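Hi,

Here is the structure I promised to pass on.

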Amino acid sequence: MPKSPPATTPLRDLDERSREIFRRIVESYLETGEPVGSRNISKILPMALSPASVRNVMQDLEEAGLIYAPHVSAGRKPTETGLRFFVDALMEIGDLTADERGRIDAEVRASGRALNADQVLTEASQLLSGLSRGAGVVLSTKSDHLRLKHVEFVRLEPRKGLVVLVGEDGSVENRLIDLVPEMPSSSLSEAANFLNSQMRGRTLSEARQAMQARHQEFERELDELTKRVVDTGLATWAGAEAGRPRQLIVRGRANLLDDLKAAEDLERIRVLFDDLERNRDLVQLLGHAETGDGVRIFIGTENKLFSLSGSSLVVSPFRDKDQRVIGILGVIGPTRLNYARVIPMVDYTAKVVSKILG
């Protein structure tokens, strides 16, 4: 889909006839993915208009940057500007059925009974994929406010060790740390015992504050090698938090291959899959979600990450018990997503996940 030219007609100035014709063009595109011609539009309009009259209106809509012809003598499709105008001004957002709400509640809450945030988020991603026929995506922070249950140090080789943190929700995170070759195993055990006494039931930031307040006692209780393990382990986690590591879950990528219309669609999906594999760029999405409440919609080039693939993204933030944004979830798909259906689906799922994680 090409970038839209600057609109020459203020969108708010479109008359009722122009809006109705434009609506029909977009709805046809969202349903079929194909361009639609004036003859077909004239047959489905609620008012009596000849194909010639429809063509005149379509010419005005094209000059306004709302539609375009993908090929010579073809019908018209909406541009990205047109899709944005439709979503913001013309689309009637539907509501979920009682069955859909019940399914979201039941399946996400069932995973929540395991008290494992990863399972809740994975189920939410899978569920959104199945309901939308797009790809469900969840991006979450490695939460600084996760309550810790256990920490352990494991020697992997003379100069490398692993620090393992287990959260009260059952999540497990691992980080590599550097060790000095002469460090005995007893120092690793002592460091783990000390941190468990300080960190159990606290967040990592709370544990660091407690240790800073007891710095002299910390110095007295531990020998130099053990203290080095503790310092290294905490520094490793502190540095990771500064970079705000993320967890990315994507389910249902195969759905995006089910309804390809042309070779360019296949290339679009290939580029999108490449984007998802380089998920380090996806952290930008959390920043987008944190700037506002509710569902956010990114169409094509509006989102730098997916601009090359011509994809759309519908996302909503989910929150912890203190109403802090701790991630986003949503649906990735072609620009002809069924926005009216996907928007309430994403919104409701985010609210259910927030309740469970809170």
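This is a predicted model: local features need pLDDT of at least 70, side-chain atom pairs count only at pLDDT 80 or more; totals for chains, interfaces and linings use all residues.

Which residues of α1 are buried? They are S18, E20, I21, F22, I25, V26, S28, Y29 and L30. The helix itself covers residues 16–32. Its 17 residues reach 24 Å from the first C-alpha to the last, close to the 24 Å expected at 1.5 Å a residue. After α1 comes G33, which has a positive phi, near 80 degrees.

Next, the pairing with α4, which is made of residues 80–90. The two axes come within 11 Å and cross at roughly 110 degrees. Angles of 65 to 115 degrees count as roughly perpendicular, so that is how α1 and α4 lie to each other. Their crossing is left-handed. On the α1 side, the contact is made by R19, F22, R23, V26, E27, Y29 and L30; α4 brings G82, L83, F85, F86 and L90. Sorted by type, the residues of this contact are eight nonpolar, one polar and three charged.

One more spot to look at is S316, in strand β9 (residues 311–319). Is S316 buried or exposed? With a relative accessible area of 3%, S316 is buried, because anything under 20% counts as such. If you leave aside its neighbours within four places in sequence, S316 is in contact with G294, V295, G327, I328, L329, V346, D347 and A350.

Cheers

Technical notes:
Residues are numbered from 1 along each chain as its sequence is written. Side-chain values use heavy atoms; hydrogens and water are left out. Axes are lines fitted to C-alpha atoms, for helices over the stretch in contact, and angles run from 0 to 180 degrees between N-to-C directions. Helices (H or I, at least four residues) and strands (E, at least two) are DSSP runs, numbered from the N terminus. Angles under 35 degrees count as roughly parallel, over 145 as roughly antiparallel, 65 to 115 as roughly perpendicular and the rest as oblique. A crossing is left-handed if the near helix is turned anticlockwise from the far one by less than a right angle, and right-handed if clockwise. Contact means heavy atoms within 4.5 Å. Ala, Val, Leu, Ile, Met, Phe, Trp, Tyr, Cys and Pro count as nonpolar, Asp, Glu, Lys and Arg as charged, and the others, Gly among them, as polar. The expected span of a helix is 1.5 Å times one less than its number of residues. Buried means under 20% relative accessible area, exposed over 50%, partly exposed in between (1.4 Å probe, protein chains only).
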